Amino acid sequence: PVLASAHESGCICLWSIQGDLMKELWPFSKHPSGSLTALCTDISTKMLLAGSKEGHIFCWNIALFLEDSQNKKNQVKERLCWRAHAAEVVDLFYEEEKNVVVTASIDGSVRLWYAMNGYYFGYFGQARKFELSDTSRLLLPSDVKNFPAIIKEESKHMEKKIEYPLMLDRVK
């Protein structure tokens with residue numbers, strides 16, 4: 001058994017039941033994660049999803065790590081990141097059989113997404129039916145401008161990068 005905790009710093013900590021820190025996860029994205037506000041896993045605990053205060057959803061593959069956390073080769077791999085809402089994510093749910101992520105925001109919207117690539121299916125209350133079989137359409141809600149980012153396997157360096165602001169150069 002492992003306990004996952006989400007933190008204001010944007011970090012997810014994986015703890016043993018004895019209270020030992022096993023792993024720290026930092027989202028690997030050009031968008032800062034901000035405070036993490038929601039966590040969920042699938043039934044078989046292969047995927048870990050987190051929602052942020054800025055409306056992002058992060059998805060990690062944790063299956064190999066949970067099988068043998070002592071093996072350094074079995075690392076947690078972030079698979080996907082997407083902007084689900086313009087405001088804070090307050091809850092999320094992963095439906096494994098249909099491969100759908102349901103997200104809820106502080107703005108009152110509840111949206112459906114394809115878990116494999118972050119494609120948008122629609123929102124609860126829309127006039128049309130959800131078409132869960134069509135996963136090829138790349139639609140976005142009106143308040144979201146960024147397409148989902150699939151994290152490549154080569155992206156193993158998971159430290160935060162510090163971006164420096166522009167500085168005035170009086171000579172130029």
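Colleague: How far apart do the end C-alpha atoms of residues 82-113 lie, and what share of the span is helix or strand?

Modeller: In this predicted model, local features need pLDDT of at least 70, side-chain atom pairs count only at pLDDT 80 or more, and totals for chains, interfaces and linings use all residues. Residues are numbered from 1 along each chain as its sequence is written, and side-chain values use heavy atoms, leaving out hydrogens and water. The end C-alpha atoms of residues 82-113 lie 10 Å apart, and the span is 0% helix and 59% strand; strands are DSSP runs (E, at least two residues) and helices are runs of H or I, at least four residues, numbered from the N terminus.

Colleague: In what order do the four strands of the open sheet lie?

Modeller: Strands of a sheet pair through backbone hydrogen bonds, either parallel or antiparallel. Here the order is S8-S9-S10-S11, with antiparallel pairing; two strands pair if DSSP finds at least two bridges between them. Strand S8 (89-95) and strand S11 (120-123) are the edge strands, each pairing on one side only.

Colleague: How many bridges join strand S10 to S11?

Modeller: Three bridges join S10 (residues 110-114) to S11, and the two run antiparallel. The bridge partner of Arg 111 in S11 is Tyr 123.

Colleague: Which residue classes make up the lining of the largest cavity?

Modeller: The lining divides into seven nonpolar residues, one polar and one charged; Ala, Val, Leu, Ile, Met, Phe, Trp, Tyr, Cys and Pro count as nonpolar, Asp, Glu, Lys and Arg as charged, and the others, Gly among them, as polar. A cavity is a set of points on a 1 Å grid over the protein atoms alone where a 1.4 Å probe fits but cannot get out, and lining residues have an atom within 4 Å of a point. Among the lining residues are Met 47, Arg 79 and Asn 99.

Methods:
On a 1 Å grid over the protein atoms alone, a cavity is a set of points where a 1.4 Å probe fits but cannot get out, and a pocket is an open set with protein on both sides within 12 Å along at least five of seven lines; lining residues have an atom within 4 Å of a point.
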